[in-house]
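Thanks for making time this morning.

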Amino acid sequence: MHCPNCNSKDIGKIGSHQFYCWGCYIELTVNGDKMSVYQVEEDGTLSSLDDLFFEDVVTEQPMLFN
């Protein structure tokens, strides 16, 4: 497993589906094919970084003019 942020292989397991990157200090949660990425804040809370790493595929439809 490689970190999606820094590409480090220095990943530690902290739970059944939770991992921690010692290279850039982010937490990863893996559930099946889905991965979520979190920044650990100073107070210990987690802030999602999914919007920075994963984009939903948006299908653009052409505009029709009459």
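This is a predicted model: local features need pLDDT of at least 70, side-chain atom pairs count only at pLDDT 80 or more; totals for chains, interfaces and linings use all residues.

Which residue takes a positive phi in the hairpin of β3 and β4? That residue is Gly-32, with a phi near 70°, in a hairpin that has 2 residues between the strands. Residues are numbered from 1 along each chain as its sequence is written, and side-chain values use heavy atoms, with hydrogens and water left out.

Strands here are DSSP runs of E, at least two residues long and numbered from the N terminus, and two of them pair if DSSP finds at least two bridges between them. Strand β3, residues 26–31, pairs with strand β4, residues 34–40, over 6 bridges in the antiparallel sense, and Ile-26 stands opposite Gln-39 in β4. Gln-39 also has a bridge partner in β5, namely Ser-47. Strand β5, residues 46–48, runs antiparallel to β4 and is joined to it by 3 bridges; the hairpin they form has 5 residues between the strands, and Gly-44 in its turn has a positive phi of about 95°.

At the other end, β1 and strand β2, residues 18–21, are antiparallel and joined by 3 bridges, with Ile-11 opposite Cys-21.

Taken together, 5 strands form an open, antiparallel sheet in the order β1-β2-β3-β4-β5. Because β1 (11–13) and β5 stand at the edges with a single partner strand each, one side of each is left without a neighbour in the sheet.

Note on methods:
Helices (H or I, at least four residues) and strands (E, at least two) are DSSP runs, numbered from the N terminus.
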